[in-house]
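Here is a short report on one protein chain. Take a look at the sequence and the model before reading on.

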Amino acid sequence: MIRRPVAWVVAVILFLEAFGVAALNWFLGIVVDRQDMSLAGLDPDMMSMSSKIGGLLFGAYFALCGVAALFVALRNRPPAGLGRILLISAAVVHGLLGAFAWGLVGWSAFLFMVIVLGLIVLLLMTYDRPPAPAAEDPEDTKGDDGSPVSPPPAPTTP
């Protein structure tokens with residue numbers, strides 16, 4: 001099956017992306033801090049701090065999504081509850097980032113975002129199928145004492 005390897009790949013990519021986003025925003029915060037310039041009267045220290053905090057929060061979000069994918073890979077069970085919501089929101093974020101990346105960065109960033117989006121959707125969809133029904137075991141048709149189980153008699157009308 002491809003379910004577990006896809007879950008492992010998604011988890012690794014999301015962890016790398018979490019680190020990359022946090023590091024990039026931290027670097028941009030340092031650049032803004034060293035420039036010591038104001039943008040439309042905004043405080044440069046506040047812009048630097050908000051860039052660093054935003055990067056850490058966004059990185060933590062991607063890391064949390066990576067943890068959800070890691071749980072899917074370890075347990076080989078579909079994501080449920082908060083994990084499913086996190087993975088769906090990560091897919092939406094990657095779709096939006098891909099759309100913005102096409103115009104701002106170029107087609108290579110767009111391609112990366114679409115590949116990650118596809119992997120997350122593949123992770124969600126491969127676990128979405130209901131399990132195949134198990135073959136009927138002849139032992140299941142017997143009662144607790146070993147006697148065959150028969151259905152109750154049909155009601156009769158007087």
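Of the 158 residues in the chain, 28% are buried. Keep in mind that this is a predicted model. The chain exposes about 10,900 Å². Carbon and sulfur atoms supply 71% of that area.

**Overall fold**

The secondary structure consists of four helices and zero strands. Read from the N terminus, the order of elements is α-α-α-α.

| Residue | Relative accessible area | Class |
|---|---|---|
| Asp 45 | 48% | partly exposed |
| Ser 48 | 4% | buried |
| Val 67 | 30% | partly exposed |
| Ile 120 | 0% | buried |

**Inside the chain**

Start with Ile 120. This residue sits in helix H4, which covers residues 107-126. Ile 120 counts as buried because its relative accessible area is 0%, and buried means under 20%. Which residues does Ile 120 contact, leaving aside neighbours within four places in sequence? They are Val 10, Leu 14, Leu 87, Ala 90, Ala 91 and His 94. Leu 14 is 106 residues away from Ile 120 along the chain. Yet the C-alpha atoms of Ile 120 and Leu 14 are separated by 9.8 Å.

Now move to Ser 48, in helix H2. Ser 48 is buried, with a relative accessible area of 4%. Residues up to four places away in sequence aside, Ser 48 touches Gly 29, Val 32 and Asp 33.

**On the surface**

Asp 33 also belongs to a negative surface patch. Asp 45 lies in helix H2, which spans residues 44-75. Asp 45 is partly exposed, at 48% relative accessible area.

There is a nonpolar patch on the surface as well. Which residues form the nonpolar patch? They are Trp 8, Phe 15, Leu 64, Val 67, Phe 71 and Leu 74. Together they have about 530 Å² of accessible area. Helix H1 (3-35) and H2 each supply at least two residues of this patch. The largest share, four residues, comes from H2. Val 67 is one of the patch members, and its place is in helix H2. Val 67 is partly exposed, with a relative accessible area of 30%.

Methods:
Residues numbered from 1 in each chain as written. Predicted model: local features only at pLDDT ≥ 70, side-chain atom pairs only at ≥ 80, totals over all residues. Heavy atoms only, no water. Patch = residues over 30% accessible without salt bridge, like charges linked within 9 Å, V, L, I, M, F, W, Y side chains within 5 Å. Areas by Shrake-Rupley, 256 points an atom, 1.4 Å probe, with all protein chains shown as cover. Salt bridge = Lys/Arg side-chain N within 4 Å of Asp/Glu carboxyl O. Lys, Arg positive; Asp, Glu negative; His and termini not counted. Charge placed at Lys NZ, Arg CZ, Asp CG, Glu CD. Buried < 20%, exposed > 50% of the residue type's maximum accessible area, 1.4 Å probe, protein only. Contact = heavy atoms within 4.5 Å.
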